[in-house]
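Thanks for coming. Please look at the model first.

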Amino acid sequence: MSPASSLRRLAVGAAVIAAASGGGAVYLSPSVASSDRGGGPILDSLRRRIGDPNASVPSRSAQESALIGASASDPLDVLVIGGGATGSGVALDAVTRGLRVGLVEREDFSSGTSSRSTKLIHGGVRYLEKAVFNLDYGQLKLVFHALEERKQLIENAPHLCHALPCMTPCFDWFEVVYFWMGLKMYDLVAGPRLLHLSRYYSAQESAELFPTLARKGKDRSLRGTVVYYDGQMNDSRLNVGLACTAALAGAAVLNHAEVVSLITDEATKRIVGARVRNNLTGKEFESYAKVVVNAAGPFCDSIRKMVDGDTKPMICPSSGVHIVLPDYYSPEGMGLIVPKTKDGRVVFMLPWLGRTVAGTTDSNTSITPLPEPHEDEIQFILDAISDYLNIKVRRTDVLSAWSGIRPLAMDPTAKSTESISRDHVVFEENPGLVTITGGKWTTYRSMAEDAVDAAIKSGKLSPTNGCVTQKLQILGSHGWEPSSFTALAQQYVRMKKTYGGKVVPGAMDTAAAKHLSHAYGSMADRVAIIAQEEGLGKRLAHGHPFLEAEVAYCARHEYCESAVDFIARRCRIAFLDTDAAARALQRVVEILASEHKWDKSREKQELQKAKEFLQTFKSSNNAQFHDGKHN
């Protein structure tokens, strides 16, 4: 397509979108009355319970007992399999509708795809481009919907999510006009859900905003950039927050609990529960429910095959590899996104938790619990970003690397298998078993809503109210402000144990206070109190703000049951710096051993498992530091 015709398509698309958004024809209307979503006594009661600064989740043993207590004569309303973003979202949605809910997760909350995302909360700029050029109304609806959910997600977890400006470099004047028009259209579609307006920057201004951006390359010169806004999150902490919020609302959530088989009523052939193994103790138990929701992500086919071994697979797994680089690769508060490289892929560099995330790949893969990035994929990302930077890009700068499996879904009820859905799929293939898969992090909440609607229909359940999660903030969000870290810095000290056994005071410095505030929100005071009163104020690794007190807090209040749970999902040190994670491991295990009363054999086992986990992040090939020097 010629540049002129491309611009004409954009202009026509903009006119169509303006008309549609102005008339409200494309906006996805909610399936529940707006009065249910906006407020009322039920939502106010939930907010008080979740926002209580002294609230604590039920103990792990209490949660297990609740699941065991769900008998054939007194079943749960809903049993959710899978503790990722979707599964935790389903549990929260269902329990806040007044249903009796359980959730089991084979590993840990967010241990799979949900912790290995791009960290973006996005409406889908590329989907909008497809909608315009293919005149695809369905794609346009997806963008409208995702932008609505993007805004809501940032508001419901403000300590873990924020707006991020993303810079798109333009190397000829056609690109300047094309991207400017396209991103203005993105602003238009967002409407009241707009984060900030996009704008054009000259080459000089762009270099000042992003100093490592190359102004000249192979036979090309930077003409300027267009900056637009999407959202960014701390994915696994958000996921853990969802699970803990569901627990506070009354759901029985249990991680490290694996479904080994489904229970079928012989008379009706309906799925009525699951046999579950506690992977920490080896103990098995049965938990009954009127409806089972399969939210196992890439592994949902394995749950479906428990009913019928000949079931046709519906998951087309796609691998996305990301690497983490030092902070100097990208400025704080500005990302770089190249929508189409010379080989047609998307490349990005985003500031995240004091480092730079770069990616990504999108290739077919096999389904495995611990996917690993290949060295050629890491090198591909390095080569791709080097085309846009004015600094030397080195493999020795890579601090961590991971691979995530995206469960692209194919609707098994569809007659044609030509198109694999980038949207989510909800269906009931066997009576009593509702499967939800596909979709993306941004729309997890509405995916959960659809799944609960399907479960209510399947089990003829009687919720006390409609869906309220659109306006429900998660644990840690209530009363949180961006300035909340200042109170931590002013009110607390970090009491640190020296190697000689003495306890000495240290300042709650800005870096530590900001980290606690953003990771735990309004619960950060409780972590700071542990640091001050229990002598756990020391940093776990040099150059990182993570404190020993966090390990104790997460063990007590966030169902942190292993060293990997902590280094990968409660704090993100494994994702940020594998060398620092390895150095922190011994102390992490010591604190968890004290909290969970482990013996020496368990401590040794935890250390070994965590080291093996870090190897899946290519730890032996990543940057390493000795005596403060980069090797």
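The buried residues of helix α18 pack against α10, α15, α17, α19, α20 and α21. Keep in mind that this is a predicted model. Helix α18 covers residues 563-570, and eight of the eight are buried, so the helix is largely enclosed by the rest of the structure. Among those buried residues are Asp565, Arg569 and Arg570. These charged residues come up again in the salt bridges.

The structure holds 35 salt bridges. One of them pairs Asp235 with Arg572, with the closest N and O atoms 2.7 Å apart. Asp235 lies in helix α10 and Arg572 in the loop between α18 and α19, so the pair ties together parts that are 337 residues apart in sequence. Asp235 is buried, at 0% relative accessible area, and Arg572 is buried as well, at 1%.

Lys618 and Glu372 form another salt bridge, at 3.7 Å between the closest N and O atoms. Lys618 counts as buried at 16%, whereas Glu372 is partly exposed at 38%. Separately, salt bridges with shared partners join Asp108, Arg237, Glu558, Asp565, Arg569 and Arg570 into one network.

Which element gives the largest share of the lining? That is α15, with six residues. By type, the lining has 16 nonpolar, 12 polar and nine charged residues.

Key. Residues are numbered from 1 along each chain as its sequence is written. This is a predicted model: local features need pLDDT of at least 70, side-chain atom pairs count only at pLDDT 80 or more; totals for chains, interfaces and linings use all residues. Side-chain values use heavy atoms; hydrogens and water are left out. Buried means under 20% relative accessible area, exposed over 50%, partly exposed in between (1.4 Å probe, protein chains only). Helices (H or I, at least four residues) and strands (E, at least two) are DSSP runs, numbered from the N terminus. Contact means heavy atoms within 4.5 Å. Ala, Val, Leu, Ile, Met, Phe, Trp, Tyr, Cys and Pro count as nonpolar, Asp, Glu, Lys and Arg as charged, and the others, Gly among them, as polar. A salt bridge is a side-chain nitrogen of Lys or Arg within 4 Å of a carboxyl oxygen of Asp or Glu.
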